Amino acid sequence: MTKLSVNINKIATLRNSRGGDTPNVVQFAKDVQRFGAEGVTVHPRPDERHIRYQDTRDLKPVVYTEFNVEGNPIKSFMDLVLEVKPTQVTLVPDSVDAITSNAGWDTKTHKAFLTEVISEFKANGIRTSIFVDPVLEMIEGAKATGTDRIELYTETFAHQYGLGNKAAIEPFTKAAELANTIGLGVNAGHDLSLDNIQFFKQNIPGLLEVSIGHALVSESLYLGIENVIQMYLQRLK
């Protein structure tokens, strides 16, 4: 069964829009785990416009499933991850002003940098994952860095699937097959939703984990967070 990690950035965005501490991200993390989520994901950015660095510290003691911290490995981010020591760190090449993640790593061009960063995290007992597009050359490049896993950037699949183009899954299937063959674990995330997650899961061999935030929180406005988590878990079986 593929694990569901709930990205709680949107909860922090809602909190920050009014100041104060409502909704409380720590309580939300406790609740999603109680409702069945098998992980919690955060993506702190340097401007702290949603999840703050301190949130990440505050979440560490209460995340008893898997704690996944995503971000661009600038010094402040690396220092935070080495302090918190989550279950997994997912390296994302987003720029400081990016609204959301919009591309995977060029693992060939950045091989030396990624290798150094990954070595540091792994020496501290933190599982590593690299955010990549479904390009076979980039999967092979990821393997060369020493990473434990890749996270497939799924925006193109989600967009095309929404247009009725189920063939958009094909490069993701091939990427996962290659990753399985060369010994890389496979995660996935970005724009996955209740509408497309079952089809995606059925066509991605060895899918270990999905990280879902925006769609899951949006769907919960209508259906309720506990119900939505159960719906995802059913589709991921």
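In this protein, residues 24 or more positions apart account for 66% of the contacts with a separation of 6 or more. The structure is a predicted model. It contains eleven helices and eight strands.

**Overall form**
- The radius of gyration of the protein is 17 Å, which agrees with the value near 18 Å that a compact globule of 237 residues would have.
- Along its principal axes, the C-alpha trace of the protein spans about 45 × 40 × 30 Å.
- Of the 237 residues, 53% are buried.

**Helix 6 and helix 8**
- Two packed helices are described by the distance between their axes and the angle between those axes.
- For helix 6 (residues 136-145) and helix 8 (residues 170-182), the axes come within 9 Å and cross at roughly 25 degrees.
- Angles under 35 degrees count as roughly parallel, and helix 6 and helix 8 are therefore roughly parallel to each other.
- The crossing of these two helices, helix 6 and helix 8, is right-handed.
- Helix 6 contributes Leu 136, Ile 139, Glu 140 and Lys 143 to the contact, while helix 8 contributes Lys 174, Ala 175, Leu 178, Ala 179 and Ile 182.
- By class, six residues in this contact of helix 6 with helix 8 are nonpolar and three are charged, with no polar residues.

**Helix 10 and its surroundings**
- In helix 10 (residues 214-223), the buried residues are Ala 215, Leu 216, Val 217, Glu 219 and Ser 220.
- The elements that cover these buried residues of helix 10 include strand 1 (3-7), helix 1 (9-18), strand 8 (207-212) and helix 11 (225-235).
- Gly 224 follows helix 10 and has a positive phi, near 90 degrees.

Methods: Residues numbered from 1 in each chain as written. Predicted model: local features only at pLDDT ≥ 70, side-chain atom pairs only at ≥ 80, totals over all residues. Heavy atoms only, no water. Axes fitted to C-alpha atoms, helices over the stretch in contact; angles between N-to-C directions. Helix = DSSP H or I, 4+ residues; strand = E, 2+ residues; numbered from the N terminus. Parallel < 35°, antiparallel > 145°, perpendicular 65-115°, else oblique. Left-handed = near helix turned anticlockwise from the far one by under 90°. Contact = heavy atoms within 4.5 Å. Nonpolar A, V, L, I, M, F, W, Y, C, P; charged D, E, K, R; others polar. Buried < 20%, exposed > 50% of the residue type's maximum accessible area, 1.4 Å probe, protein only. Rg over C-alpha atoms; globule rule 2.2 N^0.38 Å.
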